[in-house]
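Here are my notes on this model, in numbered points. Please read them beside the coordinates.

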Amino acid sequence: MTGSHILLLIGGYFVLLLLISYFTGKNDSNTDFFKAGKQSPWYLVAFGMIGASLSGVTFISVPGWVESSQFSYMQVVFGYLAGYFVIAFILLPLYYRLNVTSIYEYLLGRFGHVSYKIGALSFFVSRVLGASFRLFLVAIVLQQFVFDAWHVPFEVTVLLSILLIWVYTFRGGIKTIVWTDTLQTLFMLLSVCLSIYFINQQLDWSFSEFFNSEELRAYSQILFTDDFFTKNHFIKSFVGGMFITICMTGLDQDMMQKNLTCRNLKEAQTNMVSFSVVLIAVNFIFLLLGALLFIYADKFNVATPLMDGAPKSDLLFPEIALNSGLGLTVGITFILGLIAAAYSSADSALTSLTTSFCIDFLNIGKKPEGSQKRIRKRTHIWMSGLLVVVVIIFKYVLDRNVIDGLLTVATYTYGPLLGLFSFGIFTRYQVKDQYVWVVALISVLSIVLLANLPSDYLGGYQVGYELLPINGLITFIGLYLIRKKKENTKTVV
């Protein structure tokens, strides 16, 4: 599949997205941009959230991680399920009762101005880094398989990618995203299923033969329970996965903004529960694909592609799909799946960053009505530029598998949010709001220090994703230490 074919395919795909944007963005109001008029069908939101949750990171990086970690990622996914139930029955009722646009408005009423800004800032940093991880992944694939041959700089590739996202989101916002996410999820799931089918066909296997093969068993260990000190022990992965979901979905404006477009709380909860169950099966399919890719590569001597001179397992799927002779159908479905997976999360991230910055930092609701739309559009442009800069920086500093890097960053940046919300929900204390930023800073620095301690200093214990709940716990303890002596008598949940 040539670079010209790939660009034509991407062009046609974005024409389709622009048509959706045209019909959903006709109103072009801030209400529709931020809340979609609270008229989104729950099943549409649930299906679209699959693509937004998985993103290009899951599409490429999870299969590429199988060789080094086998199916241990499923331990984290089981933790995700528990986290989604916490969101459905603790956090969603809180957000719907308060009728918030930005979920961090809860912290303003509960604790005060500084807590509110710290919560919004934690999200902002987390989402900028998370969205940049996802965009970086699709950009390096496009660079490696299309633009390098034309000597186009990586920086231009990134700029074009984000420009395309901006074009179809700047009018309709979250109302457009709900519909484009649905389309993108469909393409992504279709792509991975067709890829599994055609690769099995090339290996002369039926799916049942592949599923029962000795080759698959060599990659498919799920539970790791022998040594608690290792990073991928089941308990550590499960607990880490649960808190990653609570934070990266339940305390994340990007993911919650979609849920808050549902007509009522009951529909939002139905969306969350149904989506969480389906997500387990979908992640398992991605791991099956990863095992199949390494089996195929071993049989046909497909080398892991190099990036800056080092093997990059994230690039094995595109290498096999585009350059190993599987045919045009596999190439087309891969490209459609890649851009659908990558942009389904990146577009909603851009919209949520715009929403959070407008409401949490610019107080757009207090601005003159005539200038609010102009402020929102200008902010949308600035957020796009910020993502361009961060993605380009990643090319020079990122040295690990992208899914591992994404989850590791989450353990640093979401901790203060976890501590603030849990302290607000599960206690009645007020805090000395002016010192909350000190607590958050100490918590993050403590976790960075702990994460970088050699395992020898900890008796051989390897820290993993359990750093996130530890981060939240440190914040919680810090807030307790700066509590006001008199308990808050207001209802907080």
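1. The side chains of E214 and R217 form a salt bridge, at 2.8 Å from N to O. The term here means a side-chain nitrogen of Lys or Arg within 4 Å of a carboxyl oxygen of Asp or Glu. Both residues sit in helix α10 (residues 214-217), three residues apart, about one turn of the helix. Helices are DSSP runs of H or I with at least four residues, strands are runs of E with at least two, and both are numbered from the N terminus. E214 is exposed, with a relative accessible area of 57%. R217 is partly exposed at 47%. The classes are buried under 20% relative accessible area, exposed over 50%, and partly exposed in between, with a 1.4 Å probe and protein chains only.

2. A word on the basis. This is a predicted model, in which local features need pLDDT of at least 70 and side-chain atom pairs count only at pLDDT 80 or more, while totals for chains, interfaces and linings use all residues. Residues are numbered from 1 along each chain as its sequence is written, and side-chain values use heavy atoms, with hydrogens and water left out.

3. How many salt bridges does a search of the whole structure find? It finds four. One of them joins E466 and K236, at 4.0 Å from N to O. This pair links distant parts of the chain, 230 residues apart. E466 lies in the loop between α19 (436-451) and α20 (467-481), and K236 in helix α11 (residues 234-250). Both E466 and K236 are buried.

4. E267 and R263 also meet through their side chains in a salt bridge, at 3.8 Å from N to O. R263 is partly exposed, at 41% relative accessibility.

5. The largest nonpolar core has 143 residues. Such a core is a set of buried Ala, Val, Leu, Ile, Met, Phe, Trp, Tyr and Cys residues joined through side-chain atoms within 4.5 Å. Helix α6 (residues 113-147) gives the most to this core, with 19 residues. Y95, I199, M272, I320 and F334 have the most contacts inside the core.

6. Take M272 from that group. Leaving aside neighbours within four places in sequence, M272 is in contact (heavy atoms within 4.5 Å) with M49, Y84, I87, A88, L92, T249, M256 and N259.

7. Two backbone angles deserve a look. Q70 is not a glycine, yet its phi is positive, near 55°. Q70 lies in the loop between α3 (42-69) and α4 (73-98). N301, also not a glycine, has a positive phi of about 55°. N301 lies in the loop between α13 (265-300) and β1 (306-307). N301 is exposed, at 69% relative accessibility.
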